[in-house]
Amino acid sequence: MRVGLMVEGQAGLTWERWIHILQTAEELGLPSVMRSDHYVIGKYQSSIDAYLSFAIAAHETSTIKFGPLVNPITFRSPVDLGRMAAQVNHLANGRFKLGIGAGWHQPEHDAYGIYYPSTRERFDRLEEGIQVIKALWSDGPASYSGEHYSVTDVDCLPKPVNGADTPITIGGGGEKRTLPLVAKYAGEWNCVNVKLEDYARKVDLLKGYCADNDRDPASLRRSMMSFGIIGSDMNMLDRVTKWHMKGSGATGSPAAYRENLAEERGIITGLTNEVVDTLGKYEELGVEEVQFEHFNFNSDEVPTYLAEELGPLVE
């Protein structure tokens with residue numbers, strides 16, 4: 001089990017803090033720094049562009065893997081997405097990981113005038129978009145004609161380091177559309193805050209979808225992002241909890257707040273021994289990496305805890 005870092009790019013992230021987070025993560029030896037791709041969720045805060053930040057990550061680091069969890073297909077055409085992803089992957093010598101999903105947050109689409117299709121159309125576009133991107137990354141001129149996207153005799157250069165074999169992460173937990181696409185196209189499946197019993201059910205469904213595609217489920221990497229209200233002692237745990245409560249506008253007891261998040265939303269909470277036990281159960285279900293949320297960009301406490309205390313206990 002690996003323990004990585006997740007950053008919400010729309011939550012007040014600045015260039016100075018992004019570079020600091022990247023450099024700190026690399027110095028600490030964390031395996032990955034992933035980030036969201038949103039313009040705004042809730043109140044408007046500093047929100048730096050995902051792909052500009054990935055170019056910076058390629059330049060500022062040399063060992064960590066990085067990328068989006070995940071790019072919504074609604075924000076960019078798959079041609080733009082495939083070209084940018086290929087170039088950043090090339091710039092980072094293969095360390096960039098493309099993650100893609102159908103998109104879900106309608107308010108930011110409405111605010112910025114971005115077309116937000118029906119659920120069915122978003123997933124249709126996601127499947128076509130993946131096929132376009134894979135075509136762009138393949139050898140030689142490529143063509144694709146679909147209902148929503150098409151390309152004709154294009155040769156996307158440069159290719160990703162591993163060319164057409166470059167894996168794509170598909171994000172989401174939907175059992176009717178997302179998991180079948182994962183089984184068919186993904187190199188990695190990433191989901192967010194899924195309770196153990198729900199995750200076990202999804203894994204069983206995914207095995208069936210893999211069988212439908214004559215695919216070995218073991219060939220599919222699995223990761224999960226968690227808001228992760230965790231700590232080495234009660235002082236740290238309460239401090240992290242109160243920071244999260246402040247951001248969400250919650251009141252009351254930190255302990256009750258953690259219990260509610262764990263029960264209602266599947267968020268991993270607790271002290272180190274509890275977290276290690278929980279991660280072990282997810283590992284038994286095939287999870288290879290968990291990316292924990294980095295809430296307070298002005299503090300290195302959580303990245304340091306992940307790298308120096310939690311990570312070594314679960315590796």
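This note sets out the fold, sheet, helices and core of the structure in numbered points.

1. Basis. The model is predicted: local features need pLDDT of at least 70 and side-chain atom pairs pLDDT 80 or more, whereas totals for chains, interfaces and linings use all residues. Residues are numbered from 1 along each chain as its sequence is written, and side-chain values use heavy atoms, with hydrogens and water left out.

2. Overall form. The protein chain has 11 helices and 13 strands (DSSP runs, H or I of at least four residues for helices and E of at least two for strands, numbered from the N terminus). Its radius of gyration is 19 Å, close to the 20 Å of the globule rule for 315 residues, so the chain is as compact as a globular protein of that length (C-alpha atoms; the rule is 2.2 Å times the number of residues to the power 0.38).

3. Sheet. An open sheet of 9 strands runs in the order β3-β2-β1-β13-β10-β9-β8-β5-β4, with parallel pairing (at least two DSSP bridges between paired strands). Its edge strands, β3 (65–68) and β4 (71–72), each pair on one side only. Strands β1 (residues 2–7) and β2 (residues 32–35) share 3 bridges in the parallel sense.

4. Helix α1 (residues 15–28) lies across β1 and β2, at about 150 degrees to β2 (axes are lines fitted to C-alpha atoms, for helices over the stretch in contact, with angles from 0 to 180 degrees between N-to-C directions; contact means heavy atoms within 4.5 Å).

5. Core. The largest nonpolar core has 86 residues, and L279, F292, L306 and L310 have the most contacts inside it (buried Ala, Val, Leu, Ile, Met, Phe, Trp, Tyr and Cys joined through side-chain atoms within 4.5 Å; buried means under 20% relative accessible area, 1.4 Å probe, protein chains only). Helix α5 (residues 119–137) gives the largest share of this core, 7 residues.

Notes. Buried < 20%, exposed > 50% of the residue type's maximum accessible area, 1.4 Å probe, protein only.
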